[in-house]
Amino acid sequence: MKFNVKRIFHPVSPLMATAKGVAVLLSYLVGAYLTGHFHVESRWMGSMLAVISAIVVLQEDVKTSIHQGGLRVFGTFIGAVIAYVYLLLFPFTLLGMIVTVFLLDILCMLLGIPDNGKMATITLVIILLISKMSPSISPFVNGVLRFSEATVGALIGIALAWGVELIKKKINH
């Protein structure tokens with residue numbers, strides 16, 4: 001059996017690994033700053049959500065990144081709206097969260113939302129849990145912050161995908 005170093009390292013992309021590192025750094029800083037400006041208690045959660053969005057959205061090409069970004073932002077919007085309505089009507093309870101997740105999943109199925117709105121469900125749960133941890137935050141501010149963090153992360157992921165495409169084109173020409 002012949003040992004082929006090139007074959008072993010073929011799937012390795014230092015450019016994508018670097019882009020992901022930059023995405024994590026930028027979204028961490030922007031997420032923490034953005035959220036901390038409005039609600040200090042949840043700034044690290046905001047940072048985490050922005051980072052997750054950037055990682056999910058960053059793909060090897062801009063078209064796929066834009067598609068992933070759209071799904072991420074749309075799902076986050078739906079989850080934030082449902083969480084807002086829930087928190088206006090009820091205080092956080094585990095049973096309430098479970099029932100709301102069930103209803104949200106059914107709604108996403110009926111609307112034909114890709115992956116039955118996994119991003120919506122994740123956002124819903126995070127908003128409800130943050131409201132439990134920090135009851136002083138209004139449901140509106142909580143939802144707007146989570147939506148903003150996801151959007152910032154998505155935009156960073158798309159921008160870095162665009163940068164990766166530009167660099168690849170320059171390398172190949």
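**Figure 1. Leu89 lies in helix H4 of this predicted model.** The side chain of interest is shown with its surroundings on the surface. Leu89 has a relative accessible area of 59%, so it counts as exposed, the cut-off being over 50%. Leu89 also belongs to a nonpolar surface patch, which is the subject of the next view.

**Figure 2. A nonpolar patch on the surface has about 1000 Å² of accessible area in total.** Its members are Phe38, Phe77, Val81, Tyr84, Val85, Leu88, Leu89, Phe90, Phe140, Val141 and Val144. Two or more of these residues come from each of helix H4 (62-89) and helix H7 (139-172). The largest contribution is that of H4, which supplies six residues.

**Figure 3. Asn142 is a buried residue in helix H7.** The relative accessibility of Asn142 is 0%, and the residue is classed as buried because this value falls under 20%. Apart from neighbours within four places in sequence, Asn142 makes contact with Ile127, Ile130, Ser131 and Ile137.

**Figure 4. Helix H2 (residues 14-38) and helix H3 (residues 43-57) cross at roughly 145 degrees.** Their axes come within 7 Å, and the crossing is right-handed. On the H2 side, the residues that meet H3 are Lys20, Ala23, Val24, Ser27, Tyr28, Gly31, Ala32, Thr35 and Gly36. On the H3 side, Arg43, Trp44, Gly46, Ser47, Ala50, Val51, Ala54 and Ile55 meet H2.

Note on methods
Residues numbered from 1 in each chain as written. Predicted model: local features only at pLDDT ≥ 70, side-chain atom pairs only at ≥ 80, totals over all residues. Heavy atoms only, no water. Patch = residues over 30% accessible without salt bridge, like charges linked within 9 Å, V, L, I, M, F, W, Y side chains within 5 Å. Areas by Shrake-Rupley, 256 points an atom, 1.4 Å probe, with all protein chains shown as cover. Salt bridge = Lys/Arg side-chain N within 4 Å of Asp/Glu carboxyl O. Helix = DSSP H or I, 4+ residues; strand = E, 2+ residues; numbered from the N terminus. Buried < 20%, exposed > 50% of the residue type's maximum accessible area, 1.4 Å probe, protein only. Axes fitted to C-alpha atoms, helices over the stretch in contact; angles between N-to-C directions. Left-handed = near helix turned anticlockwise from the far one by under 90°. Contact = heavy atoms within 4.5 Å.
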